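This report covers selected contacts, helix packing and aromatic pairs. The sequence and structure come first.

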Amino acid sequence: VDGSTTVGLLQVLTNLTLQYEGHPDQMEAMQNRLDTAGATHLMITLANSRNPTVAAEAVNFGIALLLGGNQKVQGSLLKIFESSPKSFFVNIVSKMQKASDELKERRRERAFVASNQQLDGSGEINRLLDNKFDLQNISSILRLLQLFCEGHYLPMQNYMRIQGAKAQSYDLVTEVYSFLKEVVSNTMDDYLLKIARQAFVTLTEFCQGPCPLNQTALVKLNIAHEANIVLSSADDEDELSPRSGPGAAISTQRFELFSDVMVTLLSLLEGCNDQYRPRLMTQTLDLDTMFVMLERAWRTVRTKTSTDGLEGNLTSQEKALQELAFNIYIFLYMLMTLSGDEQIQERLGMISGAKYFESMLGVIEIARGDSIERCYFSIPHICFTLTDDAKENLLQDIDRDSPASKVMDFFDKASGLILEMEYRMVVRNKLNQCIPVPREPGKASWPLYTHAAYPFLVWLRKFMFHHMQDGIRFWQDAVLYTAIILNALLLYTHPPHAPSPTDATSPTLLQQTCVTLLGILAFLFTLLLCGAALLVDLPIRLYRIGQSADGSDGDHGDHEIFNSNGNLKRGGRLDLKSVTSHLAMLSQLPMNSQVLYWYYLITVVASYLGLVCSPFFFSLHLLMVVNKSKLLQNVMRSITQNGKTLLLAAILGFIIVYLFAIVAYITFPESFISAEGTKMCHTLWQCLVFSVASGIRSGGGLGDLLTTPAYDEWPQWYWREIYNLCFFVTIVIVWLNILFGIIIDTFAELRDTKQKVEEDTKKRCFICGIEAYTFDRFVEGGFVRHTKGPHNMWMYLYFMHHLKLKDGTEFNGQESYVYQKMVQKDMSFFPLHKSLDLVSCVRGGDGLAEDGDAAPTDLDNAALQMDPPVMVTDHSAQLVQRAVERLGHGIKGDIAEELRAVREQVTSGLRALRGDVQQDLQQQIGAVRAEMLYTLRSV
């Protein structure tokens with residue numbers, strides 16, 4: 001087959017694969033079919049062809065075959081490489097070296113042109129040089145090498161560096177770096193910017209996962225030098241953001257190159273737990289340039305970014321610049337944390353956007369086998385819409401039977417919190433559209449509007465926007481405080497009752513005005529409260545009820561984070577437009593939740609009646625105090641939580657009283673006489689009403705209210721006493737105490753549950769399950785710093801949402817690992833019984849020493865808490881073993897010392913006791929002796 005036919009067939013296969021681009025599942029299926037048919041082996045064979053056109057087209061076909069990081073094809077490639085000669089690698093290395101030589105020649109000829117040509121003709125000469133040195137093929141080869149390792153395929157990443165000990169090995173990691181070194185040494189125009197970007201992206205894919213050996217190799221090769229060259233080219237502030245107009249292509253490419261460089265630098269520190277790489281990079285990187293770039297980027301976006309985490313209306317270019325700035329900050333923060341450089345820490349605290357970046361930085365720890373890694377990410381802005389009430393509800397509902405069950409239940413409930421945050425963002429966007437924006441003052445505007453009205457309207461809009469999207473907490477407080485002031489005013493100003501209407505006094509005009517204004521304010525607050533409850537709170541509660549119902553069968557249905565294919569759902573939201581339909585579904589809520597919403601509606605009616613009829617209706621608003629205290633909420637919940645049980649018990653009691661009323665109506669109706677002498681049992685209905693209204697309230701039952709026969713009337717008196725005693729025992733003692741017992745037991749159960757949750761939260765880490773005592777004893781900052789730092793449970797929730805929002809093709813190695821575990825519902829990425837804070841104690845607190853050894857310390861009980869043992873590097877296993885050995889000797893010494901101290905205390909106590917006893921005996925013997933002498937003398 002001639003070359004043109006081969007090229008045509010390769011193009012057909014390439015197009016056959018690329019026709020499914022944008023449909024990952026179909027593309028993967030086609031790639032697998034081609035791989036099974038032998039297309040992978042064909043691609044490798046043709047890529048070694050001496051015909052450059054065929055080789056180039058084979059590389060393009062390989063790119064299509066590996067697009068998306070197909071690990072089945074990658075596995076086939078690895079098997080082909082291991083079973084066949086290394087001709088492919090020889091060919092790749094040859095082309096890379098040839099391209100490097102061409103770049104050297106290009107640099108020399110450009111230098112010659114620059115020294116011998118006028119400025120006007122240099123542009124044409126440069127274009128001729130670009131055509132002479134065509135590096136497009138090498139760019140495709142770099143793209144193919146990137147896809148060899150796409151998806152953080154560790155076996156292939158290591159194979160790129162070394163192909164085995166028996167045969168000759170070709171280090172493609174070093175070759176790509178050497179080529180990149182020549183690229184950045186040339187004048188960076190649009191032509192070379194694209195190639196440099198691809199080289200950095202390829203090196204990033206070699207390292208992410210992480211692949212520690214590739215990371216260390218690149219750090220030793222001093223890739224920081226090439227990063228310095230690229231970043232130092234940002235001498236113009238405008239080059240820190242993409243722009244349109246003349247030179248826009250170069251500016252965009254240069255900006256994207258800055259982003260790729262920062263991603264590569266981040267990949268070098270991914271999963272790092274030692275100080276070797278960070279310290280070496282700190283010594284070789286130009287940190288001053290990074291801080292300058294960070295300040296410039298922040299100045300561009302700071303006007304549209306707030307420190308409370310709520311993002312403004314950023315353009316796509318500004319978002320890209322914000323992402324670059326945050327990558328720089330994360331990299332500097334990782335350098336500071338891993339190397340312990342106090343100078344970087346001081347400079348990070350001095351940058352203008354320090355408060356914002358610190359609030360948006362998320363740090364968690366993930367477990368991967370026996371190792372622990374710190375993962376850094378940018379908290380999505382939407383996460384700041386999560387309310388404290390939602391967090392508190394989750395803490396109360398979590399299954400706390402064991403650390404593993406806590407983590408699993410937390411993951412199951414995370415989908416509900418994520419959708420809640422998304423719904424609150426929908427509300428936020430709707431409010432942003434509904435609340436009018438004040439008209440900006442112009443030159444012809446009145447000074448009063450410019451300097452007073454406009455600032456007030458802007459503040460009022462922000463105030464309404466913030467508190468409406470946050471839910472009902474603020475409006476509850478506003479209603480309560482307004483009602484307190486209004487009712488206090490009524491207590492002191494309302495006139496007393498007069499003997500006759502003519503003597504009545506009316507409130508003063510000032511008093512009426514104050515009451516009316518406060519009533520109008522209370523009415524507005526109750527409307528806003530009811531609106532926030534129905535628009536924001538009610539749909540979320542209905543969703544939670546639906547999620548709980550689905551979860552009871554072990555199937556969360558549409559409420560899961562992932563769909564049936566294992567992919568994150570990116571479009572699932574609660575619908576704001578369907579809020580009116582939720583009102584009809586109010587009956588689906590539990591009784592305690594229904595009471596709350598009905599109370600909100602009653603307060604609106606009471607506010608209207610308070611304005612129209614009487615201000616005393618505003619007294620109902622004082623019940624809002626229940627929402628201010630968890631204890632009062634438990635008191636109310638103790639009644640409403642078992643409302644059905646209480647209702648059934650009340651019906652049973654009513655039936656029993658009805659039976660007693662029938663007996664009384666038939667046998668002795670004449671005994672039902674009120675205090676005024678009126679007979680109360682003419683009818684059965686009268687007997688029943690009297691028994692219910694008076695008999696239950698009486699301390700001794702009906703027997704204290706009925707006329708009693710004389711003792712001489714033996715049968716009547718006997719049966720009457722039996723009746724009275726039965727009513728007293730059955731109703732007053734048994735039935736009423738059953739009602740009280742249900743309420744008291746429910747309150748005690750709620751109190752015990754609350755105390756259990758608080759105790760578990762304060763005394764044990766939610767993520768790792770290690771006791772607070774261990775961190776307070778061995779970790780600087782103690783348990784509080786630990787739970788607010790890398791083991792902050794809410795950061796894990798934010799990280800899950802971060803994965804949901806991020807494109808899967810842009811995951812780093814840690815994100816891919818956690819994503820796959822979440823798809824499989826495997827919670828092993830949570831560091832149960834493990835913490836890097838305690839590992840630092842085992843390793844002496846400062847990590848590895850310069851000679852590679854560590855200074856282990858006694859860990860006492862902390863080592864026992866970490867089960868299984870924590871191992872971060874190969875060396876840390878030896879450190880843990882040493883610490884445990886020293887721990888055994890330390891425990892023996894501590895026990896012996898404590899026994900000696902106890903023995904000394906007991907001995908000294910016995911001595912003191914013996915002295916006291918002897919003294920008491922001597923005193924008593926002396927007293928007896930004196931008494932006996934006195935008696936003898938008397939005798």
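## Asparagine 327 and its helix

Asparagine 327 touches Met262, Val263 and Leu266, leaving aside residues up to four places away in sequence. The model is predicted. Asparagine 327 sits in helix 17, which spans residues 316–339. Its relative accessibility is 14%. Asparagine 327 therefore counts as buried, since the cut-off is under 20%.

## Helix 15 against helix 17

Two packed helices are described by the angle between their axes and the distance between the axes. Helix 15 covers residues 276–284. The axes of helix 15 and helix 17 come within 8 Å. They cross at roughly 120 degrees. Helix 15 and helix 17 are therefore oblique to each other. The crossing of helix 15 with helix 17 is left-handed.

On the helix 15 side, the contact is made by Pro278, Arg279, Met281 and Thr282. They meet Phe331, Leu335, Leu338 and Ser339 in helix 17. By class, the residues of this contact divide into five nonpolar, two polar and one charged.

## Helix 16 against helix 18

How far apart are the axes of helix 16 and helix 18? The axes are 11 Å apart. The crossing of helix 16 and helix 18 is right-handed.

Helix 16 contributes Leu287, Asp288, Phe291 and Glu295 to the contact. Helix 18 contributes Ile344, Arg347, Leu348 and Met350. The contact of helix 16 with helix 18 has five nonpolar and three charged residues, and no polar ones.

## Isoleucine 344

Isoleucine 344 belongs to helix 18. Is isoleucine 344 buried or exposed? Isoleucine 344 has a relative accessible area of 3%, so this residue is buried. Isoleucine 344 touches Thr282, Leu287, Phe291, Leu332, Leu335 and Met336, with residues up to four places away in sequence not counted.

Leucine 287 is 57 residues from isoleucine 344 along the chain. The C-alpha atoms of the two are separated by 8.7 Å.

## Aromatic pairs

The count comes to 30 aromatic pairs. In one of them, the rings of phenylalanine 81 and phenylalanine 88 have centres 5.4 Å apart. Their planes lie at 25 degrees, so the pair is stacked. Phenylalanine 81 is buried at 2% relative accessibility. Phenylalanine 88 is buried at 3%.

Phenylalanine 88 also pairs with phenylalanine 148. Here the ring centres are 5.9 Å apart and the planes are at 50 degrees, so the pair is tilted. Phenylalanine 88 lies in helix 6 (residues 87–116), and phenylalanine 148 in helix 8 (residues 136–148). The pair therefore ties together parts that are 60 residues apart in sequence. Phenylalanine 148 is buried, as is phenylalanine 88.

Elsewhere, ring pairs link a cluster. Its members are Trp298, Phe326, Tyr329, Tyr333, Tyr356, Phe357 and Tyr376.

## The chain as a whole

The protein chain has 37 helices and two strands. Of its 939 residues, 46% are buried. Take the contacts between residues at least 6 apart in sequence: 73% of them join residues at least 24 apart.

Key:
Residues are numbered from 1 along each chain as its sequence is written. This is a predicted model: local features need pLDDT of at least 70, side-chain atom pairs count only at pLDDT 80 or more; totals for chains, interfaces and linings use all residues. Side-chain values use heavy atoms; hydrogens and water are left out. Axes are lines fitted to C-alpha atoms, for helices over the stretch in contact, and angles run from 0 to 180 degrees between N-to-C directions. Helices (H or I, at least four residues) and strands (E, at least two) are DSSP runs, numbered from the N terminus. A crossing is left-handed if the near helix is turned anticlockwise from the far one by less than a right angle, and right-handed if clockwise. Contact means heavy atoms within 4.5 Å. Ala, Val, Leu, Ile, Met, Phe, Trp, Tyr, Cys and Pro count as nonpolar, Asp, Glu, Lys and Arg as charged, and the others, Gly among them, as polar. Rings of Phe, Tyr and Trp (its six-membered ring) pair if their centres lie within 6.5 Å; planes under 30 degrees apart count as stacked, over 60 as edge-to-face and the rest as tilted. Buried means under 20% relative accessible area, exposed over 50%, partly exposed in between (1.4 Å probe, protein chains only). Angles under 35 degrees count as roughly parallel, over 145 as roughly antiparallel, 65 to 115 as roughly perpendicular and the rest as oblique.
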